[in-house]
Amino acid sequence: MTGDTPLRLKPRLTISVDQAQSIIRRMSPRASVRGVTELHGGEISTVLELTLADAPACILKVYPESLQWKMAKEVYVLGLLRGVGAAIPKILLADDTRTAIDLNYLLMTRLDGTVLGRREATLSETQLFAVYAEMGAALRRINDVTLDSFGYIGPNGVWTAHPSNHAYMSAQFERKLTEFCTRGGDPALAARLRDSVTARQHLFEAASHPRLCHYDFHAGNVLVTPEDEPHLTGIVDFENATSGDPLMDIAKALYYFTPKDAPKRDGLLAGYGTIARPDWQQTLDLYRMYCTLELWCWMAQIGKHEALADLTRELANTA
């Protein structure tokens, strides 16, 4: 492994009630903060719930020093989703002045519901199928948003625009394979992976139009009703959004499923609806390889080297 210092994420900060009051007053001069509670979940940003005396609670999302630009990105992506029909947070304030606190932050509405991941263990297979079908339908609506070019989304749109999905994904695979080797991955395995991608690169061509992809669509970023039958109430965390092939979004959503998660997989795909693409299953397999490669590079970047052996084995099995 390289001796690079791991990327620092999730700023460890304590927001006092007085600081929260200073933030809230920029939105509503008469609002009064009663409490500040850190919410769990996510590795990148710190997310806090601000309880107000005479108004609904709201969410404060603070971005780490190394990724301050993600604030503007999330503002941009949430703007694309206005009117789409999915329940997403409404931005109340976006602040990059670093006056109230020395980091960029968003103040957003608090969506009703509880994180799906906290309810899953208590749900039956039928209930899991149903709520994941709702998720699949919501993901389809997100993917229906069309953009002008393929590529990773930055603060003001696609950062490095690519004219086709083939060009974008070929560049992404090459970039990640190079990073894999730079961070200590096996060059021989990288060569095998590169050959495997080349043999299947025609699958990229079926995605003719760039679509908005959440690209982190899992039970930790989905809210559902807290009791009784679970129903989707909200979708959060668009920090990783891309403009690409919707099948890439599906592959990432399915990535962590195991054979026992068949009701989730079947529900998500049923809710998403017909995929009118030739060889779409093979395309999902190719994108799964990319997800594994990307995760390997991420774990190496943030210093979680204990995860790399299993990911290396998975890559070897897909080459």
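This is a dialogue on how to read some features of a predicted model.

Me: Before we start, what should I know about the numbering and the cut-offs for this model?

Reply: Residues are numbered from 1 along each chain as its sequence is written, and side-chain values use heavy atoms, with hydrogens and water left out. The model is predicted, so local features need pLDDT of at least 70 and side-chain atom pairs count only at pLDDT 80 or more, while totals for chains, interfaces and linings use all residues.

Me: Okay, salt bridges. How many does a search of the whole structure find?

Reply: General idea: a salt bridge is a side-chain nitrogen of Lys or Arg within 4 Å of a carboxyl oxygen of Asp or Glu. Here the whole structure gives 15 of them. Take K61 and E239, whose side chains meet at 3.0 Å, N to O. That pair links distant parts of the chain, 178 residues apart: K61 sits in strand β3 (residues 58-62), and E239 in the loop between β11 (232-235) and β12 (242-244).

Me: And how are those helices and strands assigned?

Reply: They're DSSP runs, numbered from the N terminus: helices are H or I with at least four residues, strands are E with at least two.

Me: Is K61 buried or exposed?

Reply: Buried means under 20% relative accessible area, exposed means over 50%, and partly exposed is in between (1.4 Å probe, protein chains only). K61 counts as buried because its relative accessibility is 6%.

Me: Which residues do salt bridges that share partners join into one network?

Reply: E179 forms a salt bridge with K176, with the closest N and O atoms 3.2 Å apart. Both lie in helix α4 (residues 165-182), three residues apart, about one turn of the helix, and both are buried. Now your network: shared partners join K61, E74, D237 and E239.

Me: What do the side chains of E120 and K264 do?

Reply: They meet in a salt bridge, at 2.8 Å from N to O. E120 lies in the loop between β6 and α3 and K264 in helix α7 (residues 262-272), so the pair ties together parts that are 144 residues apart in sequence. E120 counts as buried at 14% relative accessibility, and K264 does as well, at 11%.

Me: Which side chain of opposite charge is nearest to R119?

Reply: For charge, Lys and Arg count as positive and Asp and Glu as negative; His and the chain ends are not counted. The nearest for R119 is D228, at 6.7 Å, and R119 is buried yet has no salt bridge. R119 lies in the loop between β6 (114-115) and α3. Its side chain does reach the backbone oxygen of T225, at 2.7 Å.

Me: Let's do pockets. How much space lies in the second largest pocket?

Reply: The search runs on a 1 Å grid over the protein atoms alone, and a pocket is an open set of points where a 1.4 Å probe fits, with protein on both sides within 12 Å along at least five of seven lines; lining residues have an atom within 4 Å of a point. Grid points are joined across faces, edges and corners, and a volume is the space filled by probe spheres set on the points. Here the second largest pocket holds about 290 Å³. It has 16 lining residues, and the closest to its centre are R140, R211, P246, Y272 and R277. The elements giving two or more residues to that lining are α3 (125-143) and α6 (246-254).

Me: How do the residues of that lining divide by type?

Reply: Seven are nonpolar, four polar and five charged. In this scheme Ala, Val, Leu, Ile, Met, Phe, Trp, Tyr, Cys and Pro count as nonpolar, Asp, Glu, Lys and Arg as charged, and the others, Gly among them, as polar.

Me: Last one, backbone angles. What is phi of R98?

Reply: Near 60 degrees, a positive value in a residue other than glycine. R98 is placed in the loop between β4 (91-95) and β5 (105-109) and counts as partly exposed at 29% relative accessibility. Phi of D279 is also near 60 degrees. D279 is found in the loop between α7 and α8 (280-301), and D279 is partly exposed, with a relative accessible area of 40%.

Terms used: A polar contact is a pair of N or O atoms within 3.5 Å; within protein, one must be able to donate a hydrogen and the other to accept it, and residues adjacent in sequence count only if both atoms are side-chain atoms.
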